[in-house]
Amino acid sequence: MTVLHSLSALLLLAPITPASSPPETFRPAAASSHAAAASSPAGAPPVAQPVAYDVQLTSDATGARWDGRERIVLRNPGPGTMDHIWLRLWGNGVDGCTSTLDVTVSSFRGGIPGTPEVGCTAVRVTLSKPLPARRTADLSFALTIRVPERADRFGRVGAYAFLGNALPVPAIGDDLPPYVSGGESFQSVTASFLVSLNHPAAMAVPATGTVVSETRHHDRVTTRIAAPLVRDFAWAAGPFASVTGRTSTGVRLRTWYTGEVTPETATGVQSDVARTLEYGAREYGAYPYPEMDTVIGGFEGFQGMEYPNFVLTEPAALPAVHETAHQWWYALVGNDEYRNPWLDESLAQYTTDKLLGTPDYCATAPFWFDDGMRIDAGMDYYATHYDFYAPGIYGDGACMFLELETLIGADKMRTALRNYLARNRFGVAGPATLRNAFQAVTMVDLTPFWERWRNTAA
Ligand SMILES: [Zn+2]
């Protein structure tokens, strides 16, 4: 996500206090138990994990409602027997437990659902039979998605519907952060998605993954989409126009835009996406998918949002580059976006600054607006200090990486990030993993550096 639109204004308005030593005892709430699961997802997460999704959904005439079934193949990575998962219904995050939920699940097979919890964003599903270590089980349920009228990553504006975080996905563990509107609470493991969308023939459905077939039946089409090795699946629906292209690295670009965007602007955004994909592949490691879909619209409220192989962006270079940079930091290397937003956001903004230029405020960063403000603070802090979120996680966070690059040198910076990607690709990394990746390439003791940037939490 991008929330930089008002960063300059915030830096002027927010009280700027001199940098001081971080309080020794500060830790993001409940970070310790969660970090253990996040930093070793292949170890022993306490709940079963998805390895494959098979989803079949049929839309109404406008894309505002989708009905169908979702099937999840779950695997128990061991060592113990597992008996449940938590299904996250993030689409209910904004409206909460209304009488008609935006996302409802019912008619379960393979498990018994509890009552929705955490603002109706989480349903505990007890598996019909305990799942032994290293075995798989099928869970399926009926799914109804009602896209609320709202300019948001999950919302619709006019004839266009945006279905980000609409598809229920299992939580990684038993830790269930609440939904946050500014920023993210999401965390999921990499799996393979096969999604069939039955929709009016006049409606385009840009999505994560690659279209494998389109079957016409009268005035409707079933679009089958395969998305192997991604941690989420998002799509949009509406009368989008599109331009296509290809990066120099061979990635097919499909760029979709709403009626308020001109073809020339769409082509410009597509070239911003292309240069980001080319830069990321050259600096960090391959973008290992054949396609990248960009949906351009008037997303003034949130500027843009990242999903695997798929981004929503305003028609401007900054959000387009930032969201595309998330293909490495969030999509390929996952993280707990609620506990450790800096891992993906600060790195994505650092990549953006590398492409678009170092902002002037980095010369005097960091800006600490209160004692609790830290690079390593979670969304539990930033959701209640939202004015500090963009200056802290995007502004200070990116400046921190730019200063680190100056400290250890550009070659070692590149080596560390390449190693971090190679070792955590398709996985989930924690803060210590990233900090250790930098320490491993330099003789400079980085401890004082991290302390100065208030970035020491596990
Ligand atoms: Zn972002």
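## A word to know first

Two residues are in contact when they have heavy atoms within 4.5 Å of each other. Keep that in mind for V205. Leaving out residues up to four places away in sequence, V205 touches W66, L197, H199, T223, A236 and A237. One more thing before we go on: what you're looking at is a predicted model.

So where does V205 sit? You'll find V205 in the loop between β11 (191-200) and β12 (210-217). Is V205 buried or exposed? Its relative accessibility is 11%, and buried means under 20%, so V205 counts as buried.

## The whole chain

Let's zoom out. The chain has 10 helices and 19 strands. Its C-alpha trace spans about 65 × 55 × 40 Å along the principal axes. For 458 residues, a compact globule would have a radius of gyration near 23 Å, and the 21 Å of this chain agrees with that.

How much of the chain is tucked away? Of the 458 residues, 59% count as buried. The chain exposes about 16,700 Å², and carbon and sulfur atoms supply 54% of that area. Now take the contacts between residues at least 6 apart in sequence: 72% of them join residues at least 24 apart.

## The zinc site

Which atoms coordinate the zinc ion? They are M1 (N), M1 (O), H322 (NE2), H326 (NE2), E345 (OE) and E345 (OE), at 2.0 to 2.8 Å. Along the chain, these donors follow the spacing M-x320-H-x3-H-x18-E. H322 belongs to helix α4 (residues 317-325) and E345 to helix α5 (residues 341-356), so this pair ties together parts that are 23 residues apart in sequence. Both H322 and E345 are buried.

Why is the arrangement around the zinc ion called irregular? The 6 donor atoms subtend angles of 52 to 163 degrees, and that makes it irregular. To count as octahedral, six donors would need opposite ones over 155 degrees apart and all others between 65 and 115.

## Helix α4 and its cover

The buried ones are P319, A320, V321, H322, E323, T324 and A325. What covers them? The cover includes α3 (263-283), β18 (304-307), β19 (310-313), α5 and α7 (389-408).

## Strand β3 and its partners

Strand β3 (residues 82-88) is mostly covered too: 6 of its 7 residues are buried. β3 pairs with strand β6 (residues 122-131) in the antiparallel sense, over 6 bridges. In that pairing, W86 has R124 of β6 as its bridge partner.

β3 also pairs with strand β10 (residues 169-170), again in the antiparallel sense. This pairing has 2 bridges, and R88 stands opposite V169 of β10.

## M373, a loop residue under cover

M373 is in the loop between α5 and α6 (379-382). Its relative accessibility is 0%, so M373 counts as buried. Which residues does M373 contact, leaving aside neighbours within four places in sequence? They are F367, W368, Y381, Y382, F388, P391, G392, D396 and R454. The C-alpha atoms of M373 and H385 are separated by 8.6 Å, with the two residues 12 apart along the chain.

Most residues other than glycine have a negative phi, and most peptide bonds are trans. Now for some exceptions. A cis peptide bond joins G78 and P79, with omega about 5 degrees, and P79 is in the loop between β2 (65-75) and β3. The bond from A365 to P366 is cis as well, with omega near 5 degrees. P366 is in the loop between α5 and α6.

Then there's phi. R134 has a positive value near 65 degrees and lies in the loop between β6 and β7 (136-146). At 55% relative accessibility, R134 counts as exposed. F426 has a positive phi of about 70 degrees, in the loop between α8 (410-424) and α9 (431-439). With 23% relative accessibility, F426 counts as partly exposed.

Technical notes:
Residues are numbered from 1 along each chain as its sequence is written. This is a predicted model: local features need pLDDT of at least 70, side-chain atom pairs count only at pLDDT 80 or more; totals for chains, interfaces and linings use all residues. Side-chain values use heavy atoms; hydrogens and water are left out. Buried means under 20% relative accessible area, exposed over 50%, partly exposed in between (1.4 Å probe, protein chains only). Helices (H or I, at least four residues) and strands (E, at least two) are DSSP runs, numbered from the N terminus. Two strands pair if DSSP finds at least two bridges between them. Donors are N, O and S atoms within 2.8 Å of the metal (3.2 Å for Na, K and Ca); water is not among the atoms, so sites may look incomplete. Four donors count as tetrahedral if all angles lie between 85 and 135 degrees; four count as square planar and six as octahedral if opposite donors are over 155 degrees apart and all others between 65 and 115; anything else is irregular. The radius of gyration is taken over C-alpha atoms; the globule rule is 2.2 Å times the number of residues to the power 0.38. Accessible areas come from the Shrake-Rupley method with a 1.4 Å probe; for residues, only the protein chains shown count as cover.
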